[in-house]
Amino acid sequence: MKIAVYPGSFDPITLGHLNIIKRASRIFDKLYVVVMKNSDKNPLFTREERVELIRRTVVNFPNIEAETSDGLLVKYCREKGATVIVKGLRAVSDFDWEFQMALANRKIDPAIDTLFLASSEKYTYLSSSVVKEMAKYGADLREFLPREIIDDIIAKVLSKG
Ligand code: PNS
């Protein structure tokens with residue numbers, strides 16, 4: 001059984017993330033989407049809230065599970081029996097950092113590889129930060145967010161002023 005992990009901040013999950021999740025779920029028997037801590041970011045949603053938002057969007061995919069973990073990514077992969085980390089690449093600007101992370105993770109555990117999926121051209125500009133900014137100014141979010149979670153994102157962004 002081929003198991004993979006798709007890690008990220010997912011603050012919140014966007015249609016760009018969901019596109020990568022769906023494609024990865026066709027490649028692997030089991031995909032864990034894991035909300036992790038990025039020390040460089042100050043998230044809007046708690047990790048539990050982010051997991052719940054992801055769960056709602058992948059409810060119809062039996063081989064996808066959403067969880068959170070506050071440890072090392074490779075340690076989480078080992079616990080799950082996963083040998084592959086899936087990452088989405090939107091543009092060259094993503095590459096330097098993602099490449100560095102992939103090398104660091106492989107250094108810690110050479111048995112775990114990182115697989116990069118090219119983002120769909122529809123979503124190359126899309127990020128959780130852009131979505132939060134748009135929500136603040138009342139933009140139509142249907143092209144950016146899974147429908148099931150749009151109202152929650154707007155409510156949270158507005159509640160934070
Ligand atoms: O969506 P993001 O913010 O680009 O995701 C980054 C994330 C959460 C995947 C990364 O920060 C991470 O792997 N955090 C867990 C701690 C870890 O294992 N760091 C890498 C080795 S130093």
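Trainee: Which residues lie nearest the centre of the largest pocket?
Mentor: Gly8, Ser9, Lys41, Lys87 and Glu98, out of 42 lining residues. A pocket here is an open set of 1 Å grid points where a 1.4 Å probe fits, with protein on both sides within 12 Å along at least five of seven lines, and lining residues have an atom within 4 Å of a point. Keep in mind it's a predicted model, so local features need pLDDT of at least 70 and side-chain atom pairs 80 or more, while totals for chains, interfaces and linings use all residues. Numbering runs from 1 along each chain as its sequence is written, and side-chain values use heavy atoms, without hydrogens or water.

Trainee: Which helix gives the most to that lining?
Mentor: Helix 4, with 8 residues. Helix 4 spans 92-108; helices (H or I, at least four residues) and strands (E, at least two) are DSSP runs numbered from the N terminus. Strand 1, helix 1, strand 4, strand 5 (113-118) and helix 5 also give two or more residues each.

Trainee: OK, helix 5. Which of its residues are buried?
Mentor: Ser128, Val131, Lys132 and Ala135, in a helix running 128-136. Buried means under 20% relative accessible area with a 1.4 Å probe, protein chains only.

Trainee: Why are they on the same side of helix 5?
Mentor: Because they cover an arc of only 100° around the axis, going by directions from the axis to the C-beta atoms.

Trainee: And what do they pack against?
Mentor: Helix 1 (15-27) and helix 6 (150-159), with contact meaning heavy atoms within 4.5 Å. Just after helix 5, Gly138 takes a positive phi of about 75°.

Definitions and conventions. Buried means under 20% relative accessible area, exposed over 50%, partly exposed in between (1.4 Å probe, protein chains only).
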